[in-house]
Amino acid sequence: MDFECIYDRRTLFPVAHILSPFLIYLIAQNVSIVLGLIVVWEMIEFIVYAAAESYLIFPDGSAETVCDIVLLDLGNGILGLLLGIWFVDRFTLPTIIMNPWRWLTIIFTVVLWITFLSLDYECDNWIS
């Protein structure tokens, strides 16, 4: 596996892949739910790319390398989950009762956050 993706980054995508699972865990406080959402999102990206040979639903449209998927997407997602677990344990946050409206809010916010992140934070494109 080529680790070039770690050194050649000028975006906030890694931050999104850490922040989203962290926030979802703060609300859901369930490891299975957070891991499930991380895996489902990566599967959506894979299916979209496999079907159309580009990320039609994502603005930049470039393919991800194995390094991007494993280290930056899944790895940062797990890092965000671990930070969420630590935060909830450290500050003894109460468990929140989940209802359908809260779930829709979580899913909608995360999808918007990750989808529109590339419009604002692709530093190379904006600078040049």
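**Aromatic rings and their surroundings**

Modeller: Phe22, Trp86, Phe87 and Phe91 are linked into a cluster by ring pairs. This is a predicted model, in which local features need pLDDT of at least 70 and side-chain atom pairs count only at pLDDT 80 or more, while totals for chains, interfaces and linings use all residues. Residues are numbered from 1 along each chain as its sequence is written, and side-chain values use heavy atoms, with hydrogens and water left out.

Colleague: How many aromatic pairs does a search of the whole structure find?

Modeller: The search finds 4 aromatic pairs.

Colleague: What makes the pair of phenylalanine 22 and phenylalanine 87 edge-to-face?

Modeller: Rings of Phe, Tyr and Trp (its six-membered ring) pair if their centres lie within 6.5 Å, and planes under 30 degrees apart count as stacked, over 60 as edge-to-face and the rest as tilted. The centres of phenylalanine 22 and phenylalanine 87 are 5.6 Å apart and their planes stand at 75 degrees, so the pair is edge-to-face. This pair links distant parts of the chain, 65 residues apart, with phenylalanine 22 in helix H2 (residues 13-28) and phenylalanine 87 in helix H4; helices are DSSP runs (H or I, at least four residues), numbered from the N terminus.

Colleague: Why does phenylalanine 22 count as buried?

Modeller: Buried means under 20% relative accessible area, exposed over 50%, and partly exposed in between (1.4 Å probe, protein chains only). Phenylalanine 22 has 17% relative accessibility and therefore counts as buried, whereas phenylalanine 87, with a relative accessible area of 27%, is partly exposed.

Conventions. Helices (H or I, at least four residues) and strands (E, at least two) are DSSP runs, numbered from the N terminus.
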